[in-house]
Amino acid sequence: MSDEIVYRHTIEGLFRSIGRRLTPDLKNKLRDAGLDLDVQIPRNTPRTVFAEVLRITAQHLHPDAEVSEGYRQLGISIIQGVEQTMLGKALVSMWPIFGPERVVVRIRESFATVNNYQKTELDTQGPAHHVIRVSECNGNPGYLQGIIEAGLTKAGARNLRVEPFDFDGHACSYRVRWEP
């Protein structure tokens, strides 16, 4: 597989999390960008289409927010959407038992299941202090920031800070800290 693709369940999860906020206007904009939600979502969506879909969706749902904040809110809603499924609800209910340290270690594995191109590295700096490096942020580091924040918050991280840095248009690093 040489093409960079996003898997169907990723797209389905994104739009399940949006729920009733998926308006006809948004659906039309997404169709123009190459994603028709009125037909079965293809097994694989090109990375470039997914990046544009994220941009359009974040802008549509959060028009008054700064761009990064709109992406961050979209990332947070993904975790909320996961909880709307039976399997997701069971999984997320286990995160507090695992705790934030174990959940942050699993982020690398979780990110690997959404597409075939994203590489993630975790550098543990100490208890409750990590650096996560991601090879592709699909246009804005805010989206993954929101996912990381929401996941670790559900796992019980207190006074959590997730700070993107070194974003080059694709890759980004995140400083992740919480109160031990």
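**Notes on the salt bridges**

1. Asp-25 counts as partly exposed, at 38% relative accessibility (buried is under 20% relative accessible area, exposed over 50%, partly exposed in between, with a 1.4 Å probe and protein chains only). Its partner in a salt bridge is Lys-29, at 3.4 Å from N to O (a salt bridge is a side-chain nitrogen of Lys or Arg within 4 Å of a carboxyl oxygen of Asp or Glu). Lys-29 is partly exposed too, at 37%. Both residues belong to helix 2 (residues 24-33), four residues apart, about one turn of the helix.

2. A word on the basis: this is a predicted model, where local features need pLDDT of at least 70, side-chain atom pairs count only at pLDDT 80 or more, and totals for chains, interfaces and linings use all residues. Residues are numbered from 1 along each chain as its sequence is written, and side-chain values use heavy atoms, leaving out hydrogens and water.

3. Helix 2 also holds Lys-27, while Asp-38 sits in the loop between helix 2 and strand 2 (44-46), 11 residues apart. Asp-38 is partly exposed at 48%, and Lys-27 is partly exposed at 23%.

4. Arg-158 and Glu-179 form a salt bridge at 3.3 Å, N to O. Arg-158 is in strand 5 (residues 158-165) and Glu-179 in strand 6 (residues 172-179), so the pair ties together parts 21 residues apart in sequence (helices, H or I of at least four residues, and strands, E of at least two, are DSSP runs numbered from the N terminus).

5. Over the whole structure, the search finds 14 salt bridges.
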